[in-house]
Amino acid sequence: MRKSLAMPLALLAVACLPAWALQVPKVDDEAADTNAARQAYFEMRRINPYDSSFDASAARLNAYQKFRTDLAAEKGNPELMQQLAAQYHAEVWQPIGPAPIFDGQTPTNATAASRSAVSGRVNALAIDGIDGAVFMGGAQGGVWKSVDHGRTWSPLSDTLASLAIGSIAIAPGSHPMNQATIYVGTGEGNFSADTYAGAGIYKSTNSGSTWQGPLGAAQFTGRSVSAIAVDSVNPLVVLAGSTTGYAGIEGDIPPGAPVRGIYRSSDGGNTWTKVLPASAATLRISRIVQDPNPSFQTAGATHFWAAATPNSGGGALWKSSDAGQTWTRVDGVASGLPAIGDSTFTRTWITATYAGGNTVLYYGTSDNKGTLFKSLNDGATWSTVAAGAGYCQGQCTYDMPVYVEPGSATNAYTGGAGTSGLTSTGASQPTSFMLTTDGGVTFTDEMVAVDGNSALHADIHDITTWPGSPNEVWVGNDGGVFYSTDRGQHWINANTNQQITQFQFCDLHPTDPNQAYGGTQDNGTDSFLGNIQYLPGATAWSHSDDGDGGFALIDQSSPNFVTHTYYNQSGNQILAAIASNGPASVPADYGYYAGEIANYLSSGININDDVLFYAPMALDRGNPTTLYFGTSNLYIANDYFNQTITQENALTGSPPYTVSIFTPLAAGTNFGAPVSPSTSTGVISAIETVRNVVPNTNATTIFVGTSNGNVWRSTSSGATFTDVDGTIGTYVSQIAVYPRNQQIVAQARAGFTGSLPANNVRISFDGGTTWTTKSNGLPDIPVNSIAWDPVFPGQLWAGTDVGVYLSTDEGNTWHPYNNGMPNVAVFSLTGNRDTHTVLACTHGRGAFRLNLDAIFIDGFDGN
């Protein structure tokens, strides 16, 4: 679960903290309005602000193709390569984890030992019993394979056009060793803001060693293939279900996007025909399963079931009796099963087994936080499973799997985002993972092992069992992969060397190349603490704090201080946490909070300010004890760490508490004024300072960027600001002053413009007075982060939604630089002169580091 402050604060009782520490009340970050804020945050960075009908997913695919084409052209041009080799280094990006994250964000109510290792969001699992192989698909993490029961994993898809995985299917039946036919649907179908759209379907006929595709590009590009089923009688018949893939865009359907529905191939995926809906209408599909009843295993007459996600009509449960050629609606028709989703957006899920001479079906819907139905007679009649009410809780559209154990009418599992195993302390069900062994009469919580020494991460996305061993259940969730050989009584952690963490922001230690600190999606804020080898070649990180990690900063003058944000929401909380044990801090160390919590804590920020879901903050380049925090206003906190700790240690009594940490700068400045011709307003999205010539003194020159395209500059330590670049309406994702010449300032822009040059990098050579677009060689793609090379003069790195680019000439030209880097969105880049490193944190494949040759250092003062 993308948690609020509740988990870290619940642990304060066991911390070695001062006598007083904030006991902040729980805030639900899964509420509908909070999810909307999260979606808006991703959307504003991946839109064309001047064209509401712009096809962002198609633009991303075009950018990927340009990246690969440019890379191949450069490698195929010896003269160019020789020229480039003379200009820049040829270091290889080295993966540095997390693989895994130790003591991760799993329930701790049983014993401290139940904190288990985690990796990242896993959406799909498929098991090949012949090869003894497990395949998992991550959210921007690609496909991974294990042939030793989850002890080690190998990536299979790092160069494919999309690493966002929505489904994996293995063709049933026998096959020679290592020659399984596997289909992978790209694009994640979980209806969250960062469920990226895909590029179609990939096929392997050698157990994932090589791939064909993308197949069905015309039918699936820009969508998410959330379901694939292969006919067990005729494996050339493949059914694929598509749904909305956002590419960071919530609900925006671009013109010309393929119609969603079920598509059928009769030639092993080479060609596809839409079969549901039969008309030109559209219907989101969540799940397709073949009916396992032997009576329905006749060529051309195999039966399939499909669960849909209707929005005000269209049908939610469908059945085919002719190998997927035609379909009939079941909900609202079969006895006991009402019409689903006729008036609301409703996600559904279907699972089937054969037991007692009949097809047994369990069917879940997102209505009322999870409604469960069951049929024991091939879907002819249905009954409500009352004990399963609310099984997926408040975010069923994100996670709601149901799985019936093969061969059993009574054993079934549910997954969702419930109370994360809290029933062992007396809380009520439902929990995030439950088992019934009596056909749904009762459910038991299986989140935490019976001995308390292992536990699942919350947010369950897929459930399956090992072929031939129905008691062995495998689970994919926001923390990775877990399995149990005794139906959840004990859990075995299969998060080992797979590197699939989704970072938001990262920072480097000022002097130690083997320390870093980063915020992640649903796996907290985590720390790289040296070359800790969990397995050979796999670098583990330490879990530092719980919650949804955002910005993460290390005090560059005193690295024992660290601070990070959770989520932020106007009127609710605008907040950062502080610990004083450096990146080695653990959740119990975070006892100090700077910002606002409604009716609880105030420290100088207006809680009603408009604010990004991940609000930006920055430490002053020349005086890193000073912190700047951006909302619709800019705030400064002098002596941020010491003042927060000192004042909060002195607090007494009961909340609400007031401390004096933040002061507004240039109060009344409309930083988010619309950029013509757009009328959209914005908030602060990026903050940068120019190092003062007087050591340990706050900056005189400060830059801020906004989410709607403004760049502002102050030359008066923030007393007043001037809009110095308000001509382009794309999101300003980062501003970076060149340390060797502080008159040179670069800015990164996230968004699309629909043309080239894309204006996604702009540079000023006069201290920010005037700006020039420097995008030659970059595709039309969001640039999420930008960093000056800490070793090589004049070189600039850009982290984009399709990988890393490098400029060797202060942004005049750009070249793809993916040596060792998968095809994945890079959300954060930072460099360090003293350690000669560049750190790239990705949103799905963890962190990568370049170790640079320190041969040009000439007084560079960091980035």
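**View 1. Four strands form an open sheet with the order β7-β8-β9-β10 and antiparallel pairing.** Strands (DSSP runs of E, at least two residues, numbered from the N terminus) count as paired if DSSP finds at least two bridges between them. Strands of a sheet pair through backbone hydrogen bonds, in either a parallel or an antiparallel manner. The structure is a predicted model, in which local features need pLDDT of at least 70 and side-chain atom pairs count only at pLDDT 80 or more, while totals for chains, interfaces and linings use all residues. Residues are numbered from 1 along each chain as its sequence is written, and side-chain values use heavy atoms, with hydrogens and water left out.

**View 2. Strand β8 pairs with strand β9 in the antiparallel sense.** Residues 182–186 make up β8 and residues 201–204 make up β9, and four bridges link the two. Tyr183 stands opposite Lys203 in β9.

**View 3. Arg621 and Glu688 form a salt bridge.** A salt bridge is a side-chain nitrogen of Lys or Arg within 4 Å of a carboxyl oxygen of Asp or Glu, and by this rule the count comes to 13. In this pair the closest N and O atoms are 3.0 Å apart. Arg621 lies in the loop between β42 (617–619) and β43 (627–630), whereas Glu688 belongs to strand β47 (residues 684–689), so the pair ties together parts that are 67 residues apart in sequence. Arg621 is partly exposed, with a relative accessible area of 32%, and Glu688 is buried, at 3%. Buried means under 20% relative accessible area, exposed over 50%, and partly exposed in between (1.4 Å probe, protein chains only).

**View 4. Asp834 forms a salt bridge with Arg833.** The closest N and O atoms are 2.9 Å apart. Asp834 is partly exposed, with a relative accessible area of 44%, and Arg833 is partly exposed, with 22%.

**View 5. Salt bridges that share partners join Arg329, Asp331 and Asp342 into one network.** Between Asp331 and Arg329, the closest N and O atoms are 2.9 Å apart. Asp331 is buried, with a relative accessible area of 0%, whereas Arg329 is partly exposed, with 27%.
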